[in-house]
Amino acid sequence: MKVLANDGLDQSGIDALKEKGFEVITTKVPQEQLVDYINEHQIRTILVRSATQVRKDIIDNCPSIEIIGRGGVGMDNIDVDYAREKGIHVINTPSASSESVAELVFAHLFSGARFLQDSNRKMPLVGDTEFAGLKKAYAAGIELKGKTIGIVGMGRIGQEVAKIALGLGMRVIAADNNVGKASIKVKFYNNQFINVDIETEPLQDVLKHSDFITLHVPAQKDGYMIGKNEFEIMKDGVAVVNCSRGGVIDETALIDALNSGKVKFAGLDVFINEPTPSKEILTHPKISMTPHTGASTLEAQDRIGLSLAEQISSILQVQ
């Protein structure tokens, strides 16, 4: 009863699986060696995050696999339909990391709104000699309260973003071809709550009216969702955050929009060329960046591990 957690697994998940009699292997096996390793060790379950690919070659050549698990929401690194056609269970943890990703969106928004991505670079270098100049350079910060945030994609993460935005006093608008209206329940520490219904709008309307735009959509198969034409629709001085998938935004068009002032700042957790983003992106002073860490909180990893363990145990009926 071997489980290969090739991209790692939180200790809570490992412990839960071991209690059910599973052997959990956390050795990182290179992609090109996966087929041989799975067959040699008779792996029944392979768990991945975003790094490992589980494609047709692994599915066809590893008959011992019964479950493919993704720690997170998106499963674009797994041939899901093909695996299910072959009778393999494909599972994920769609709600476990939503809050963590949503909070990272606002980390980028607050960072860009107050120039933290640039001041954190320059203060250690010249803060003791150019303090007054830096203070003047970063004096034109903006507040999020009262501004309009456009959420593109109103799934679980988009709805968590909406909750935080409403709590900050922002106006929330949204676009989603699959969701007509989302009912957002904002809970407070003392068990009080408010319900807010958000009706989605056409994408172009959201792009046109938003002060901040955040993207929560799957990987794009047919070109970029946000490119030169979409940037032209947006307000002057808009800010854009992408914590979904690399390739949703045309990075060349983004650089042009930042340089022209059309876009005030951007926040990126994902990139076209992961794990080697372009130098132009990495060195741009108007981009707040993180290395694809949207779900990388202790709380999210704990929830992911326990959710995967529960699903695996249920499928394989381990007592």
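In which hand does α5 pass α8? The crossing is right-handed. A crossing counts as right-handed if the near helix is turned clockwise from the far one, and as left-handed if the near helix is turned anticlockwise by less than a right angle.

## Basis of the model

This is a predicted model: local features need pLDDT of at least 70, side-chain atom pairs count only at pLDDT 80 or more, and totals for chains, interfaces and linings use all residues. Residues are numbered from 1 along each chain as its sequence is written, and side-chain values use heavy atoms, with hydrogens and water left out.

## Annotated domains

UniProt, in an unreviewed entry, gives residues 5–317 the label "domain: D-isomer specific 2-hydroxyacid dehydrogenase catalytic". The span is 39% helix and 19% strand, and its end C-alpha atoms lie 19 Å apart. Helices (H or I, at least four residues) and strands (E, at least two) are DSSP runs, numbered from the N terminus.

The unreviewed entry also places "domain: D-isomer specific 2-hydroxyacid dehydrogenase NAD-binding" at residues 108–294. Here the end C-alpha atoms lie 11 Å apart. UniProt positions follow the numbering used here, feature names are shortened, and annotations may be inferred rather than shown by experiment.

## Helix packing

Helix α5 covers residues 98–113. The angle between α5 and α8 is about 50°, and their axes are 8 Å apart. Axes are lines fitted to C-alpha atoms, for helices over the stretch in contact, and angles run from 0 to 180 degrees between N-to-C directions. α5 and α8 are therefore oblique to each other. Angles under 35 degrees count as roughly parallel, over 145 as roughly antiparallel, 65 to 115 as roughly perpendicular, and the rest as oblique.

Helix α1 (residues 11–19) packs with α13 at an angle of about 20°. Their axes lie 7 Å apart. α1 and α13 are therefore roughly parallel to each other. α1 passes α13 in a right-handed crossing.

The largest pocket holds about 1,300 Å³ of space. It has 47 lining residues; Val73, Gly74, His216, Val217 and Pro218 are the closest to its centre. On a 1 Å grid over the protein atoms alone, a pocket is an open set of points with protein on both sides within 12 Å along at least five of seven lines; a cavity is a set where a 1.4 Å probe fits but cannot get out; lining residues have an atom within 4 Å of a point. Grid points are joined across faces, edges and corners, and a volume is the space filled by probe spheres set on the points. α4 (80–85) and α8 (156–167) each supply at least two residues of the lining of the largest pocket. α8 gives the most, with 3 residues. By class, the lining has 18 nonpolar, 18 polar and 11 charged residues. Ala, Val, Leu, Ile, Met, Phe, Trp, Tyr, Cys and Pro count as nonpolar, Asp, Glu, Lys and Arg as charged, and the others, Gly among them, as polar.

The second largest pocket has a volume of about 390 Å³. Of its 17 lining residues, Ser50, Gln53, Asp76, Glu274 and His292 are the closest to its centre. The lining divides into 5 nonpolar, 7 polar and 5 charged residues.

## Cavities

How many cavities of 30 Å³ or more does a search of the whole structure find? It finds 2. The largest cavity has a volume of about 50 Å³. Its lining includes Gly8, Leu9, Asp10, Arg49, Gly71 and Gln301. β3 (43–48) and α13 (298–316) each supply at least two lining residues. The largest share, 3 residues, comes from α13. The lining has 5 nonpolar, 3 polar and 2 charged residues.

The second largest cavity holds about 40 Å³. Among the residues that line it are Asn242, Val248, Glu251, Leu268 and Phe271. Its lining splits into 7 nonpolar, 3 polar and 1 charged.

## Backbone details

Glutamate 274 and proline 275 are joined by a cis peptide bond, with omega about 5°. Proline 275 sits in the loop between β12 (263–268) and α12 (279–282).

Glutamine 42 has a phi near 50°, a positive value in a residue other than glycine. Glutamine 42 lies in the loop between α2 (34–41) and β3.
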